[in-house]
Amino acid sequence: MSDRVVVLAGGLGSRLLPYRTVVPKPLLPVGNRSVLEVILGQLAAHGFCDVTLAVGGLAGLIRALLGDGTRDGVRLEYVEEYEPHGTAGVLGALDLDEPFLLMNGNVLTTLDYRALWDAHLASSNAMTIATHRREVVADFGVLRLGGDGTDPMVLDYVEKPSRTYDVSMGVYAIQPEVREYVAPGEVLGLPDLVNRLLADGQQVGSFAHDGLWLDMRRREDFELAQLGAGEIEPLLPSAKPEDVERAILSMPPAAANGA
Amino acid sequence: LPARNLTPLRTKRAVVLAGGLGRRLEPYTTVLPKPLMPIGDRPILDIVIRQLARHGFTHVTIATGHLAELIEAYFSDGAEFGVSIDYFRESQPLGTVGALPLIDGLDGEAFLVMNGDVLTDIDYGALLSRHRASGATITVAVKRREIQISLGVLRFDEAEGSQRIRGYDEKPVVSYDASMGIYCFSPAAVKHIEPGVRLDFPELVQRLLDAEENVQGWQSDDYWLDIGRHDDYEQAIEEFERMRHRLIPEA
């Protein structure tokens, strides 16, 4: 057993119509591979070889493509969600008693998963969230107003101001106890789980990543990934042949034969 | 009677800024100036000119640049729209307000200045009357707009450099006081603009504030879309027929 990663590969990409009507979100392409294959190769390259895929609708397509994970250098297990339980709800269905990584199956990033993992284990965090800075531009001329409501004075005027936000990358290192905050079968999003942990006095930390991060569910990110696929691909570590070999050798014989 | 009541009715004059390149709406705007972009059965500027006429404006000067001849051909002398129209053609781009000191007759009374690509049902006449009564150098029409940040946004501990998280807001909504691109100018405002030198509105506002002039906001709840923005343009096309009775009841 190596360190486990749970990859959320359910859900429908309604923001990417019409692509998602025929392609499950995590199988959206970047260059000549799906995002999910890129992620699995990266995880293997960082030594994360045990991956649980939480799959929803169109699970058959994902299984048909990825099989037992051998080709991508990982050992794959599948958990099927017949009804969507939200990004955190799936934790209620998993039997994990060691720390684990949880991540969206739609992120294209150069994040060092191992460094996130080590930082989490060295901390006393119940959860460590990988974060990225994003600048959002308001496409307006914006005024700062002062004085009373009916005749406000203009204090300044800024054309298309931008604000910087620290955003969640959708990659989390999590202590097993966190699962106690999710009831079995409960529908729960990750933001609600985080706020639930904080309300209970649990420590939640962050791990900043300033390299590439694209969330393929967002249309502009998806389009950016297509434009830059040729440049992006070499940046992404993928499974090395020895990782693949190691994964195959450690599998039960039946699985290695693709049964 | 006091002498001032013997003077003729104060005229309402507007300068419409229609010279921009409309970069955000390319490629359409390579062949069509932005104010001629269609909404329903007519260009946006057609709607604006009819509205100005209905609100009692008698003289409109259209400042043109990019594809000026198309705008002049469409609106001509304004007779068809019930308002007298003339043109100021920029030979070089002067920014949003750089053309004003070169336009004749703006040294008498306060006047309206507006972008030629806003779809709104604001009462332009009331805005100008309010400005004249307030004594402000410039009045800026302001509309509250909300933007949804479609990301999971994290809040951190107050402590400098802290990596501890205090909260997680999924797709938060941020609101802004947005300039509607509609302003009233007193003649004093024009004195702060050098003739023939490029100047944009935000810099003029800063210049006036530095000179301790009175710049006011006029908060509006009116319908407002900025056709220069892709999202707003699509929304305008979608909503025009439903909004028509509020925008141009006469046409």
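Is Phe48(A) buried or exposed? Phe48(A) is buried, with a relative accessible area of 0%. Buried means under 20% relative accessible area, exposed over 50%, and partly exposed in between (1.4 Å probe, protein chains only).

This is a predicted model: local features need pLDDT of at least 70, side-chain atom pairs count only at pLDDT 80 or more, and totals for chains, interfaces and linings use all residues. Residues are numbered from 1 along each chain as its sequence is written, chains are lettered from A in the order in which they are written, and side-chain values use heavy atoms, without hydrogens and water.

**Aromatic pairs**

- Over all chains, the structure holds ten aromatic pairs. Rings of Phe, Tyr and Trp (its six-membered ring) pair if their centres lie within 6.5 Å; planes under 30 degrees apart are stacked, over 60 edge-to-face, and the rest tilted.
- Phe48(A) and Trp117(A) have ring centres 5.7 Å apart and planes at 85°, so this pair is edge-to-face.
- Phe48(A) lies in the loop between helix 1 (35-45) and strand 4 (50-55) of chain A, and Trp117(A) in helix 4 (residues 113-122) of chain A, so the pair ties together parts 69 residues apart in sequence. Helices (H or I, at least four residues) and strands (E, at least two) are DSSP runs, numbered from the N terminus.
- Trp117(A) is buried too, with a relative accessible area of 3%.
- A cluster joined by ring pairs holds Tyr157(A), Phe111(B), Tyr183(B), Phe185(B) and Phe201(B).

**Charges over rings**

- The charged end of Arg114(A) sits over the ring of Phe48(A), 4.2 Å from its centre. The test is NZ of Lys or CZ of Arg within 6 Å of the ring centre and within 35 degrees of the ring normal.
- Arg63(A) lies over the face of Tyr78(A), 4.4 Å from the ring centre.

**Helix 3 of chain B**

- Helix 3 (residues 124-134) of chain B has Tyr124(B), Gly125(B), Leu127(B), Leu128(B) and His131(B) buried.
- They cover an arc of only 160° around the axis, which puts them on the same side of helix 3 of chain B. The arc is that of the directions from the helix axis to the C-beta atoms.
- Helix 3 of chain B is followed by Gly135(B), whose phi is positive, near 80°.

**Where the chains meet**

- The contact (heavy atoms within 4.5 Å) takes 39 residues from chain B and 40 residues from chain A.
- About 3500 Å² is buried between chain B and chain A, and carbon and sulfur atoms give 61% of that. Buried area is the accessible area (1.4 Å probe) that two parts lose on being put together, summed over both.
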